[in-house]
Amino acid sequence: MNLELLAPIMFVSLIFFLLIGYPVAFALSAVGLFFSWVGIHFDLLRPELLQALPNQVFDIMRNDTLLAIPFFTFMGLILERSGMAEDMLDTIGQLFGSIRGGLAYAVIFVGALLAATTGVVAASVISMGLISLPIMLRYGYDTRIATGVIAASGTLAQIIPPSLVLIVLADQLGASVGDMYAGAMLPGLLLCAFYALFIFMLSIAKPDWVPALPPEARTLRGAKLLQRVILVMIPPLLLIFLVLGTIFLGIATPTEGGAMGAVGAIILALINRRLSPKLLKQAMDSTIKLSTFVVFILIGARVFRIAFLGVNGDQWVEHLLTSLPGGATGFLIAVNAMVFFLAFFLDFFEIAFILVPLLAPVAQSLDINLIWFGVILAVNMQTSFMHPPFGFALFYLRSVAPKSVKSTQIYWGAVPYVVMQLAMVGLLIAFPKLVTGSLHAEAKTNAEDAAAIMQEMHSAPAPEVPQTLDAAAGNASAGSSNKQSEEQLLKELTGQ
């Protein structure tokens, strides 16, 4: 058995198990354990590598960053069930209702606000689907436009902080969650602008598809409308500042910001007199399920990672991707094409936990800023919620849409927004400052600096080595390199 063949076989086997629908956490663990046994049986791996697994599990349990996931999930579920989305959609719909596409603008605006408060795609899509879709269809909106804008606006929770995707990516990349939030803010707002521009062009080219609300449907006007807007907008804006403002200002960590957001959501539900034991139980049950899901995938990913690194899988991936033409740009294009394809079948948790740890070292070797890289992947993985026919946002919308709405209409409605999301990926690759301009440290966005450093290293005079010692080292290196790499890997995994 050749050690060099095990890494590609492992990777292909994992993709096969995932594509046939085997549970992700168990597929990762099973493939990792099986190939560990194969490597140990053929004397290619040391059994001590598996003894590092308990230490890896405790590393997951000690990870404070991951605590932000249950906090933000709980906050989003409380807000979604406390009626905040319904109040905002009704009020903003009245505000924009007098113009063509007004309801669609309201959905985009409220989708951005929900993203900045809940960070949960399911809550946003289901809320807006239940509240806005019947109204949009009643007043003559084209079904594809109505379903597309609702699904796309709901997925803004993937890229606008406090997104769960950004937390997971920051953890897997070893980057700061606060920096990831800061870098993703402008791209998220630009996506909102793209959606609004699309609706504006439709209102000119196809005004019948996005009509204005009739006068009898606009029940709030003047001072009453202004008062309603102020009362509805102030609570979520305060919560956004409580969560994101304190993180950006460095007052709180993302985990602390999530805890404050969860408390703030409970307070808002109490003020609106919508907090009940049943609501709390539902929110806690859903939070526990999602958190358990994440932890099990993480444990499976660590099992797979130990075996994959043991068979030099990281070197195989690095060699495969760094040999692509185009340097850093070629790497980014190839990786994003692969992520876009895998997003048809895998959700963002699976992509983040399986692929990102393999891609991060390659990105570093190409001198790519990891925050920039993470935001590009986050925008790309946003398409996983919009891909017809497997996008989760489309499933969520299908579950609450009237029976008169066909699934094909939902799918066709999503296509323009997938194109816009891919265009955003291209913009971020072409203009890194859209991400790095919000960061404190200057980003290195290409391999030019790395190439210059490598050139200096090669041009520096090498120390003279006696020929006899050089020959001896050459003969010994082949036999000891694998042993040294295993020793280094074992120290890394055990933290010693």
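**View 1. Contacts across the whole chain, in a predicted model.** Among the contacts in the chain with a separation of 6 or more, 80% are accounted for by residues 24 or more positions apart. The model shown here and in the views that follow is a predicted one. Its secondary structure comes to 23 helices and 0 strands, and of the 496 residues of the chain, 51% count as buried.

**View 2. The largest nonpolar core and Phe373.** The largest nonpolar core has 161 residues, and those with the most contacts inside it are Met136, Val149, Ile199, Phe331, Ile368, Phe373 and Tyr417. When residues up to four places away in sequence are not counted, Phe373 touches Leu173, Phe331, Leu332, Val335, Leu359, Ala363 and Ile368. Two of these partners, Phe331 and Ile368, are themselves named among the residues with the most contacts inside the core.

**View 3. Helix 15 and its packing against helix 18.** Helix 15, which runs over residues 327–342 and has 16 residues, reaches 23 Å from its first C-alpha to its last, close to the 22 Å expected at 1.5 Å a residue. Its buried residues are Ala328, Gly330, Phe331, Leu332, Val335, Asn336, Val339 and Leu342. Helix 15 packs with helix 18 at an angle of about 30 degrees, the two axes being 10 Å apart; because angles under 35 degrees count as roughly parallel, helix 15 is described as roughly parallel to helix 18. The contact is made by Phe331, Leu332, Val335, Asn336, Val339 and Phe340 on the side of helix 15, and by Trp372, Phe373, Ile376, Leu377, Asn380 and Met381 on the side of helix 18. Helix 15 passes helix 18 in a right-handed crossing.

**View 4. Helix 10 crossing helix 18.** The axes of helix 10 (residues 177–205) and helix 18 (residues 370–382) come within 9 Å and cross at roughly 40 degrees, which makes helix 10 oblique to helix 18. From helix 10, the contact is made by Asp179, Met180, Gly183, Ala184, Pro187, Leu191 and Tyr195, and from helix 18 by Leu370, Ile371, Gly374, Val375 and Gln382. The crossing of helix 10 and helix 18 is right-handed.

**View 5. The loop between helix 8 and helix 9.** Thr155 lies in this loop, and because its relative accessible area is 0%, Thr155 is buried. Leaving out residues up to four places away in sequence, Thr155 touches Val121, Tyr195, Gln382, Phe385, Met386, Ala393 and Gln421. Thr155 and Val125 are 30 residues apart in sequence, and their C-alpha atoms are 7.5 Å apart in space. Pro162 also has its place in the loop between helix 8 (143–154) and helix 9 (164–173), where a cis peptide bond, with omega about 10 degrees, joins Pro161 and Pro162.

View 6. The buried residues of helix 2 are Val24, Ala25, Ala27, Leu28, Ser29, Val31, Gly32, Phe35, Ser36, Val38 and Gly39. Tyr22 has its place in the loop between helix 1 (3–19) and helix 2, and because its relative accessibility is 41%, Tyr22 counts as partly exposed. Apart from neighbours within four places in sequence, Tyr22 is in contact with Phe17 and Ala27. Just after helix 2, Asp43 takes a positive phi of about 60 degrees.

View 7. Arg273 is found in the loop between helix 12 (254–271) and helix 13 (277–310), and its phi is near 60 degrees, a positive value in a residue other than glycine. With 81% relative accessibility, Arg273 counts as exposed. Asp367, which lies in the loop between helix 17 (356–365) and helix 18, has a positive phi of about 65 degrees although it is not a glycine. Asp367 counts as buried because its relative accessibility is 15%, and buried means under 20%.

Definitions and conventions. Residues are numbered from 1 along each chain as its sequence is written. This is a predicted model: local features need pLDDT of at least 70, side-chain atom pairs count only at pLDDT 80 or more; totals for chains, interfaces and linings use all residues. Side-chain values use heavy atoms; hydrogens and water are left out. Buried means under 20% relative accessible area, exposed over 50%, partly exposed in between (1.4 Å probe, protein chains only). Helices (H or I, at least four residues) and strands (E, at least two) are DSSP runs, numbered from the N terminus. A nonpolar core is a set of buried Ala, Val, Leu, Ile, Met, Phe, Trp, Tyr and Cys residues joined through side-chain atoms within 4.5 Å. Contact means heavy atoms within 4.5 Å. The expected span of a helix is 1.5 Å times one less than its number of residues. Axes are lines fitted to C-alpha atoms, for helices over the stretch in contact, and angles run from 0 to 180 degrees between N-to-C directions. Angles under 35 degrees count as roughly parallel, over 145 as roughly antiparallel, 65 to 115 as roughly perpendicular and the rest as oblique. A crossing is left-handed if the near helix is turned anticlockwise from the far one by less than a right angle, and right-handed if clockwise.
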